[in-house]
Structures are given as C-alpha cells and as structure tokens.
Amino acid sequence: MLSFAWIILVFPALGLLINWIFGKRMGKSYIALVASAAVFASFLTAVGLAAGLAALPADARAVTVPLWSWIHIGDFQVDFALLIDPLSVVMALVVTGVGFIIHWYAATYMLVDDHHRELSLRMYGRFFIYLNFFILMMLTLVLANNYLQLYVGWEGVGVASYLLISFWFYKPSAADAGKKAFIVNRVGDFGMALAIMWLFFLFGKEAGSLAFADIFHAAEGAGAAAAGAMTGITLLLLLAATGKSAQIPLFVWLPDAMEGPTPVSALIHAATMVTAGVYMIARSHPLFEMAPTTMAVVAWIGALTALMAASIAIVQTDLKRILAYSTISQLGYMFLGVGVGAFTAGIFHLMTHAFFKALLFLTAGSVMHAMHGELNIDLMGGLKQKMPKTYWQFLIGAAALAGFPLLAGFWSKDAILYEAFLKSPLLWGVGIFTALLTAFYSFRAVFRAFHGDPRSEHAEHAHEQSPGMTFPLWFLVIGSLFAGLLGLPALFGEHVNVLGNWLAPVFADLEGEVHGSEGLELTLFLVSSGVALLGIFIAYARYIPEWGWAKALQRLFSRLQPVLENKYCVDEIYMAAIVNPLRRLAEGFYQLGDGCIIEGIVNGVGAVTVRAGGYVARMQTGVLGMYALSFFVGVVLVLLWFLLFVT
Amino acid sequence: MTLPNLDLPPLLPEIILIGMALLLLVVDMAARFRDARAEGSLMAGLTFASVLIAAGATAAGIGGGDASVAGVVLVDDLSRYLNLVVLLAAGLSVLLAWAYVPQFSRESSSFYALVLLATAGMMFMGKSVELITLFVSLEILSVSLYILTGFNRHQLASAEGALKYFLLGAFSSGFFLYGLALFYVQTGSTQLAEIAAQDSGGVLLLIGLGLLLVGFFFKLAGVPFHMWAPDAYQGAPTPVTGFMSVATKAAAFIALFRVLAAVPGVPVEVWGWAVAIVAVLTMTWGNFAALRQKSLKRMLAYSSIAHAGYMMTGLVAGTDALNAILYYLFAYAFMNIGAFAVAAMLERPTPNAPQDATIDAARGLFDRRPALATAMAIFMLSLTGIPPLVGFFGKLYVFGAAVSAGWAWLAVVGMLNSVVSAYYYLRVVVVMFMAPEDETSYVRSRIPAGAGTAIAVAVTGVLLMGLLATPVFVELGRAVIALR
C-alpha cells in the first residue's frame, strides 16, 4: 500500500487546481472547503503511510516509491521518487496535521482583509491556492528521496513564502518584507545549490544519482579521504539551513515576514517551512557526522541564535514580533539539538513546537481581529475577561513554550538540553539561560495582553471570536498539552520514548549515544523545571503586583534595552557592511563593465544579427521565378556534391 | 485479373480515415444545413471522432509486431508512432478549425475530407517500403495540402500561397520522380529491401539519391528549397498551417529515414554532409528571417523552418537518433500547433476572413486573458528550448545524438541558433506581459471551446512530456530498436 504514497501529493495539487479554475464561481465557503479537505485527505494519507510503515519490521522501514525517472543522461540521473521512512512520515504528519487546522482556522480568519473590510472573492481564492501550493511543495521537500527533488521543494516553499508574506501587496511594508525574505533566502539557497553540485562532482559517478541513500553510501566509502570536502559541503548545507530556518547570520527576514496574514505566520513561519533546515540537517546526518567541525558550528549557531533572539523578544511590544523572535529562538534550540548529535530530540522539539507555536500565532490572530489589527501589547490588557477561550488557549501555548513542567515544550527542550550537557556544559549553560528568558517573555506577553485593565479603546471593546476560529485551536491545545508524552526521557523507563523508538531506524547508523547517569538526568530535569517556573514568577512579579525588586531587576538591565530594542542593529550592520557596498560594486560594474563593454558587445552582436535578419527576410521577394531559381540552384549544388564522390 | 492477396487489418487506421472522408462528402450532399456553423460542427465532430478512433486503433497495435501488406507498406512500431504524431497534429488542428473554418467557408465537408486524406497520405508515406507507393502517398498528401492552403477563396494571400506551393511542388515532384526512376534503372527494383540487398553504390543510385533528397528537402522546407514555405504558411488558414508545419515534416522525416537506410552502399559522408549543410542553412536562415517579422504567423512560419533544421541535425546521426527525432516531432506537434492556436485567437475577424495577426496584437494580452497569455508564454519558452519544457528535451536529445555520432560542430551551430531564436520568441512574451494594451491589441472576446481544448491539450502535452521525458524517450527507443 505504500506504493500509493504519491496520492499524498495529488490532493493539494487537485485542491489548488480546482480553486484556480473554478474558484471564481464557487464562493468562499466552497473554496475553503476544497482547500481544507485536500490537506485533510493528505493528512489521512500520511496516517495511512505511518500505519503501513509500522507494519514493516523496523530495519525495513525505508521504502522508496519511484514515480518516474525524469532525466537520464550519461552519469546524470534525476528521478522523481518519494522516500517513505519514519522521519519523512513524522514531517508529513506535522505538515498536513497542523496545516489542516490552520486551513480550517483561516477559512474564517481570511474573510476580512488587513483593514477589516470584507476580502474579495478573488483574493480569498488566491490565498487558499497559495496555501495549498505551499503544502504541496513542503510535502515534496520532506518526501524527496534525493537532493535535487529536495531542492525543488526547498525553492517551492520559498516561492510560496514570498507570495504569502507579500499577500497584502498594496502595503509597501508587506511587499518589502516579501522581497527581503526572498533575497535573504536566495543567499542560503545558493549554498544549497553549490553543495548539491559539489556532492554530484564528488560522488555522482560512484553513486549514479543524487539519492540520499546512494550519496551517503558513496560518502561512507570515501571515508576520511573526503573529510575536508565534507566539511565544506556540510557548511554550505548549513548556510542553506540558516536561511530557511532563520538562524544567525540569515535570520533577519523572519521578523519582517510577520507582515503576512497571521495563518501564514503560523503555518509557514512557525510550524513548518522554517523547520525545513532542521529536517534537512537531520536527513543529511551521515554527512554531518563525518564533519565534526560543522557539527560544532551547528550547535553554537543554534545556541547563540536561541540566546540572541530570546533576548530581543523580551523587549518587543508587538505580539507577533515577540512570537517571531521566539520562533527564531526555538529553531536555535533545534539546531543546538541536531548540532550535538541529538537528532531525535531536535525532531521532537520541531514537532512539539509546531503545535504550541501554531497555537500561539493563531490566538494572536484572534487577538488581532478583536483589537482591530492592533498588535501592541502595551495597548492591550484585560483581554482575559473579554475573550476567555482565547485566553486559555494562549495561556496553554505560552506555558508549553515557557517549558512549564509536563507540557509539550518542556519535554522536548529538556531532551535537547540534556544531550547538550553531555556534549558541553557551556552549551547547556547558554541553553538554560535562554530557557529563563523564554519563560519570562512568554508570560510577559500573557500578563501584558490578558491581565490587568484594558489600556486602550480597542481593548475595552474587544470580544471573543467566532467558533470558526476558536474551535480548531482546541486540537492544537491538545497537542501542546500532550505531544510531549511521545518523547519521555529514559528516566521513566527503557521504551517509553515512542518517538525515539519510531525514529531509531533512521538514525541507527549513529554511534551509540553517550548516556549520562540517571542522577544527572534527574538533576537537569529539576533544574529545567525550576528555571521555567522562575522565569514565569519573575514575569508575574514584574507585571502583576509590580513588586519593587522586580522593577529594580529590570532597571539593572535597562542599559541593554536600547541595544535589544534595536535588535543588535543587525539589519543596519548588514545594510552598511554588505548591501550598500554590494550596491556600489554593482553600480560600478554596471557603469563600467555592463554599460561600456558587455552592452557594447551584446548590442553590437544583437544589432548585426537583427540587421542580417532584415537582409535575409528581404530575399523573400514573393516573385515565383526567384523561388524556382533558388530551388534550381539547390538542385545543382546537391547533384554536384554527389557527383564529386562518383569520381 | 488477379488481385494481390491483401491483408488489410493492419491498415485499419488509414481505412477509417479514408472511409470517413468519403462519408463526409456523402453526408454533405444528402443533408441540408441551417448555416455554415452547424455544418462545420457536424463535420468537425465526425472528423475528430474518426481521428480519435484511428489513434486508438494505432495505439492498440503498438508492440504488436510487424506486418507487411502486399510488400509495399510495412506496419511496424515506427510507423505506428508516426501515425500518432500525425493524428495528434490532425486532432489538434481539427479542434482549432471547428469554429475557424465556418468563418469563411460553407464547404466544411470538403475541408475536413481533405484533412483526412492528407492525414492518411502522411500515414501511408511513413510506412511505405516501396518507391512508387512512397511517391503516390506523397502526392496524396501534397495535392490535399495545396487545396487546403488555398481554401480561403476570399483571401488573396491564401490563393497566392497555394499557387506558389503547387507550382514549386510540381517542380519538386518531377525531381523526386526522376530520382526514383534512376533507382530503378540501377537496381531493377522499387522495393527498398531489394534495393538495399543489391546496392553497390553505383553512380545512378548516387544521383538518384541526390534527387530524392531534393524532393524530401522541399517537403521539409529545407533551405534553399524552402521559398514556398513562408508564403504558403502565412496564406493558409491557420489550422492548416499548424497541421502541415508539423505533420508533413513528420511523414517526410520517417520516409527519408527508410530511404537512407536502404542505401548502405552510399557512404554516410556523402549524404550526411549534404544533410548537415542543408540543416545549417535551414536553421540559420529560418531564425534570421524570423527576427524581423511583424506578422505572428509569418514569424512562426520561419520558426518552423528553423525547427526543421534542428531535426535534420538528428538525421545525420542515422538510425541511432530516430527516437530523438520522434520525440522532437511529438514535442513540436504540441508546442507549435499550440502556438498557432493562440495566434488564431489574435486574428481580427473581417467580413470575409480573419485578418493575419501581428505580434503587436498580443500587446497587454496577459492583462486581458492571463490564461491564454500564460499558455502562449509556455509555447514560446518551449520553442526556445527552456527546461523543463518539452522543447528543451527535444533539442537535448537531437543535439545529443548528433554529438555522439561525431557531429559536435553541428550541435554547436544548433545551440547558437537557439540563442538567436530566443530573441523573437521572447519578444512575444515581452509584448504580452509588459507592453501596455493599445489600439493594435486584439484578442477574440470568446475563445471557442474547440480552440480552448486544443490549447489546453497542447499546454498539458508540453508540460507533461517535459516531466516524463525519460520514460517517453525510452519507450520511443524501444519502438525503433528493430531498425538498428
């Protein structure tokens, strides 16, 4: 039954085609129904794939479903094939599961535009076409069995992301944000392209394809001889991952991407697309394992990104931006996880994060609607009474994010921190401090937005959203509460880690992981819990009773505030150090090289060609005798040529 | 008098077409029609159905082995695939002609009967293994096409194109027939198999081959035998232009292959160089002349000459390139007829006949009809040879075959020519997407269902055959393996 895996791609493709062709005649409810049903059907397929895979013995759980051989020239072969293994199925489940709920929510959310006017049918249809296109491309990415197909999906989700960030294209800020995301991602994608070419150059002949299994096998065969090249390749892959997953140095696009409609922020810029980098590294783990240097770089980039983004998040006042920086920070944790070789933990956090971050974004969307587009938490307050359902949903999401003991985010973050500690206590130190900041900023948002008295007209008149938006979120609430139970630590027994057991065949080639003592595990477990509770308590102390010591604590750090509020001036630094010099260089090239030399040659050749075309066309006089003459000359020449060989 | 023992079932597709052609003429005499439109729809519908059935019958036979009928035609997988190319071109053109022909003619029955006869002639030409049969089928398709070219009696250009095509065609037939006679004189047979068996490379055979080549070059619109093509292509009703620019070439290429395979005594260097030089002249001339055209149809006519040049590049590689050429023919059927179909939508109707569309008619097309403009852009990009569209793979395989056969320089010339062609193809795209609409712009307010279907099928073909390039190519390779 796994051979029917391809239908998982057919549903979103059909959904977008139907909405594209018939959308204008269907009406909004049918458009939303078609789009959501398509994703739901894909979700059911993914469940079926998981079941089909589970029925196989553990070491046979990697099934390649060939669709067709696309290009086959000499040594170069590109196939379209799906790789169904535990890792890709987990990703497909997350993408389609969370994706379905977000489609469902968006059906109501997108009825109005960014100014609360009714959204036109055309725009509404376009939104769901893009959304289905995104799901299609994301599934292509995670189900690819080779690097080139992965690249197709990688670029495809980039396009979808661009289209959706600048969905309110008449707003200059949205159009700019879309461009910024696209261009920054191009830098990373370039790394990806180079890495693929390098892989093909090194192993293409031996492996005969770019399929993961073949490449990994060939790389293993090359062994230490390829160590240097492997470091280069994995660093290029890492560059690609930092672009897509918004890590240092390419994270700058993600906060701006919040210009897109909120369901987009939830789906693409929190739950799924941005995790593609983590997935790609986990998928390429045999290559990364051969490059210890790169692994260390991955871990440190992750840790520092987590810290930096969390520190920026504590001073932001825009609710969606807080969540955006939080996403960058949490992605940092995932990088930290895969960087220390804890691939299972990284994927585990990817999964739990998808639930609670989608939940947080969607509730933020509800708040945004209630507040007539206002996202400044300074102007909120008291929403707890006005929108109780949304309050509880946001609270649970925030608690899961903060690492509140026993909720989803707690388990997965703890798993990463534990593995990090075994690798390097310093990495753990950065991680645990970030956890403190995370707990603080999550509950700062809760207390500022929902507690206290309303601080603005809009907050005064806020009201709960319709069930179309609140109801789907309960499924995400369930995920945020209980998804952590899929990855319980070894502390609770040998085989309680469901996700770990499920993913074990994928990462079976890794050397036996170092295991710390149970005592250590328990200690770290308690420290994590304590830190999370401490962070929440500080936020409480600062914003609810506003105790003096908490304010004093804040004053202590107030010197840092300008730096943080300016986001470490990274945008400005990039502008001054990279963008502007590049522009000047380009200007120079344009003036000198392009303007004088190249344009001269090109236009010269072009002008000559076109003029020659004129002469040629003029030979066609329309006089029949002329035509016959041309024919006759041809006959004579052909015959002369043949007679030349008689003698 | 004894009749030869005929084994007709393998020729079912041809019989269906010819039978339908006769039926159309009978129906026309028997029935009275309200107006030209009603007649046109009925005739087109019947024609389209017979084309579909013939295609089905052909497809069902693929892989069914070879069958020789009376020793003059050979039904093998090569000829079956040729049938499919020709029927594809015919089917798409009939869809396009559905609403097009009644605009200027009340004689739809003759129009479609001629299309069917031409189609059958082409299909016979591809399976002829005897020279007289080859000549007769060539004449069947030629005569039908002469009339079809001049079918629009109200338009001077149509008559002019037909007359030029006819006169030069007669000229060319003379040479063809003379070459055929020389073959007979040298070998005492008109059967290709017998000619191949006793070919000793005699001087008469050499000259005969030269004269036959001239006849084929004429049909393929190879330079300098191409002069009729721009006038005939521009003058003919647009569905006819699309049909003959693709299907005639297909039949001529396959027949030429069979002839070349039958003269093992003539060294490849002799005919190979002749073909290579004509190929270079053809693509270069076609591309350069296309650069300055203002009429969309004439531009496509020259582009069609250039594409014949690309395909000739594969010809020099011999039978190894046969699947490449077959692939190219399928590709070309989709993208070229698709392009002509869009061009037909831009023709401004006049009381008598649709006016020839200029490239400027496409100004701002994307704003008015985004789907149509997108389809045209896909055809143009595919004709240029941009991956992953089918035109790219067509060129890739044909040029690849030339390189493996040691004709690398020829492939390089072909690629350089593709660069030149990008100029005029992309100009259409630029005009459609970037130029603002003005008084020269025109597009039909309603796209007829038939033409719309043809365009949709062509777009699907261009995309799908690009995505499925390798499987299709491998399958075609299987079909021609017997010839190697």
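Visitor: Which residues does Ala375(B) touch, not counting residues up to four places away in sequence?
Guide: This is a predicted model. Ala375(B) sits in helix H15 of chain B, residues 370–384. Its relative accessibility is 6%, so Ala375(B) counts as buried. Beyond its sequence neighbours, the residues touched are Ile455(B) and Val459(B).

Visitor: How far apart in space are Ala375(B) and Val462(B), C-alpha to C-alpha?
Guide: In sequence, 87 residues separate Ala375(B) and Val462(B). In space, the C-alpha to C-alpha distance is 9.9 Å.

Visitor: Is Ser303(B) buried or exposed, and which side chain joins that of Ser303(B) in a polar contact?
Guide: Ser303(B) belongs to helix H12 of chain B, residues 296–315. Its relative accessible area is 0%, under the 20% cut-off, so Ser303(B) is buried. Contacts beyond four places in sequence include Ala290(B) and Tyr332(B). The polar contact spans 2.8 Å, and the partner side chain is that of Tyr425(B).

Visitor: How many residues apart in sequence are the parts that Lys28(A) and Glu118(A) tie together?
Guide: The two side chains meet in a salt bridge of 3.5 Å, N to O. Lys28(A) lies in helix H2 and Glu118(A) in the loop between helix H3 and H4 of chain A, so the bridge ties together parts whose separation in sequence is 90 residues.

Visitor: Where does Asp76(B), the salt-bridge partner of Arg258(B), lie?
Guide: The closest N and O atoms of this pair are 3.0 Å apart. Arg258(B) counts as buried at 8% relative accessibility, and Asp76(B) is buried at 7%.

Visitor: How many residues of H4(A) are buried?
Guide: Helix H4 of chain A runs over residues 121–143. It reaches 33 Å from first C-alpha to last, close to the 33 Å expected. The helix is mostly covered, and of its 23 residues the buried number is 19.

Visitor: How many salt bridges does the rule find across the interface of chain B and chain A?
Guide: The two chains bury about 3400 Å² between them, 81% of it on carbon and sulfur atoms. The side of chain B that touches chain A has 35 nonpolar, six polar and five charged residues. Four residue pairs are in polar contact between the chains, both residues at pLDDT 80 or more. The salt-bridge count across this interface is zero.

Key
Residues are numbered from 1 along each chain as its sequence is written. Chains are lettered from A and ligands numbered from 1 in the order in which they are written. This is a predicted model: local features need pLDDT of at least 70, side-chain atom pairs count only at pLDDT 80 or more; totals for chains, interfaces and linings use all residues. Side-chain values use heavy atoms; hydrogens and water are left out. Buried area is the accessible area (1.4 Å probe) that two parts lose on being put together, summed over both. A salt bridge is a side-chain nitrogen of Lys or Arg within 4 Å of a carboxyl oxygen of Asp or Glu. A polar contact is a pair of N or O atoms within 3.5 Å; within protein, one must be able to donate a hydrogen and the other to accept it, and residues adjacent in sequence count only if both atoms are side-chain atoms. Ala, Val, Leu, Ile, Met, Phe, Trp, Tyr, Cys and Pro count as nonpolar, Asp, Glu, Lys and Arg as charged, and the others, Gly among them, as polar. Helices (H or I, at least four residues) and strands (E, at least two) are DSSP runs, numbered from the N terminus. The expected span of a helix is 1.5 Å times one less than its number of residues. Buried means under 20% relative accessible area, exposed over 50%, partly exposed in between (1.4 Å probe, protein chains only). Contact means heavy atoms within 4.5 Å.
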